[in-house]
Amino acid sequence: MDQIEIKGGRPLRGEIDVSGAKNAALPLLFATLLASGESRLGNVPQLRDIATVGKLLEIFGAEVEREGSALRIDTRGLVSVEAPYELVKTMRASVLALGPLTARFGHARVSLPGGCAIGARPINLHLKGLEAMGAEITLDHGYVEARAERLKGARIYLDIPTVTGTENLLMAAALAEGETVLENAAREPEIIDLAEALVKMGARIEGAGSDTIHIQGADDLAPYEHCTMPDRIEAGTFLAAAAVTGGDVLVHGARAEHLEALLAKLREAGVEIVAEADGLRVRGPERLRAVSIKTSPHPGFPTDMQAQFMALMCLAEGTSVISENVFENRFMHVCELQRMGADISVDGHAATVRGIEGLCGAPVMATDLRASASLIVAGLAAENTTRISRIYHLDRGYERIEEKLAGLGAEIRRVKES
Ligand code: EPU
């Protein structure tokens, strides 16, 4: 198995490109199931999760072909509406097949994803929404089955503004009869990107990006041509890496409007961030100042940046409190950061980080995608060598990260486990 080896302590300098957003591309790929024909999605990162959706679409009977950074998806030959456990267990976002398949074919059978490292992550709100639209939901042998002759528009209040839940229901509503109103909907930029593609397919949608979305269902949708938005979490990870090393980096594709909460906190910590033509320039201070954060749904501080921000706070002057309010178990990186010398104590949903002068490289283990990213950020700033194992987590969400960071002068490489 591969590992990432980092010799830390070098300030990052130069320019780096952000890839297309994994969490936008995933729902966009499932949206192709809503129409018959050839869709084309540009700016799709080459990642394991994207390959998994590709396999799933092929199981349904679609043809998926990569052309450079774009994917061509031909859904004319769809034959199956079943998402098997073997694929769903490797990628929870497979549940995004449920809405479009039920809306288009009146039937879908998708394996329940089960728990995952960062928490239980139920899909009850996805199911409740589909039921409100008239679907009959049954659970059987670990599979959830949805049936409906034709989904009907409904007024749906989401108890929690779930991101993939909003996306699933948005896709289902696009082909439902009449109007659907999603209340307390997720407001993440990825929702807007999906809504834009659905509008290109012929749906009428208003309010995407706010907490109330109105969708007028269409009888038929057409394939789309669309370009995936840049990955705001990858961008944020690069900003964090540049900041913690006291570097000076231009992150092409980083968009301030997607990253406001993170930028505010980085600035408070003493990082200089300036908007340039197509990205953000970041300059790290000699020493960061401790600031506290609380994660919450967009536009709050993103849970997907919590681990990386904690790596920064390990080296800041002072004490910060990091509260995780979105997932119940997203502090697995703490033990690994402690192996590098960090002074952190966890009490329920809050971690208290007392900043120290320096981290020390160590062998550490990635436990989930963003935890892996935090270890990279920490490793770049640490003295000596850090070796990160189980980096298959990293490969789910970061495209060629070691090559990209090496381009900024980092001593980082992929090695075989010795
Ligand atoms: N929740 C429920 N019931 C539901 C759905 C969600 O109780 O039916 C709870 C979850 O357990 C969690 C909270 O609601 O406590 C928020 O979960 P949400 O559904 O918003 O998360 P998600 O849609 O499963 C997406 C991203 C995650 C990201 C979260 C939060 C994708 C494919 N995944 O997950 O990304 O952390 O939103 O922003 O878009 C990552 O990229 O590393 C990642 C985990």
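## What you're looking at

This is a predicted model, in which local features need pLDDT of at least 70 and side-chain atom pairs count only at pLDDT 80 or more, while totals for chains, interfaces and linings use all residues. Residues are numbered from 1 along each chain as its sequence is written, and side-chain values use heavy atoms, with hydrogens and water left out.

## Around the ligand

The ligand has 21 residues around it, and the closest are Asn 124, Thr 162, Thr 164, Asp 304 and Val 326. (To be near, a residue needs a heavy atom within 4 Å of the molecule.) Sort this shell by type and you get 10 nonpolar, six polar and five charged residues. Here Ala, Val, Leu, Ile, Met, Phe, Trp, Tyr, Cys and Pro count as nonpolar, Asp, Glu, Lys and Arg as charged, and the others, Gly among them, as polar.

Both domain 1 (2-19 + 230-416) and domain 2 (22-227) give at least three residues to the shell; the bounds come from an automatic or database domain assignment. Helix 1, helix 5 (124-132), helix 6 (163-174) and helix 12 (369-381) supply at least two residues each. Helices are DSSP runs of H or I with at least four residues, numbered from the N terminus.

## Helix 1, tucked away

Helix 1 (residues 22-31) is largely enclosed by the rest of the structure, because nine of its 10 residues are buried. Buried means under 20% relative accessible area, with a 1.4 Å probe and protein chains only. Among those buried residues are Lys 22, Pro 27 and Phe 30.

## His 126 and its partners

His 126 sits in helix 5 and, at 4% relative accessibility, counts as buried. Its side chain makes a 3.1 Å polar contact with the side chain of Asn 168 (N or O atoms within 3.5 Å, one able to donate a hydrogen and the other to accept it; residues adjacent in sequence count only if both atoms are side-chain atoms). A polar side-chain atom of His 126 also lies 3.4 Å from the backbone nitrogen of Gly 165.

Key:
Buried < 20%, exposed > 50% of the residue type's maximum accessible area, 1.4 Å probe, protein only.
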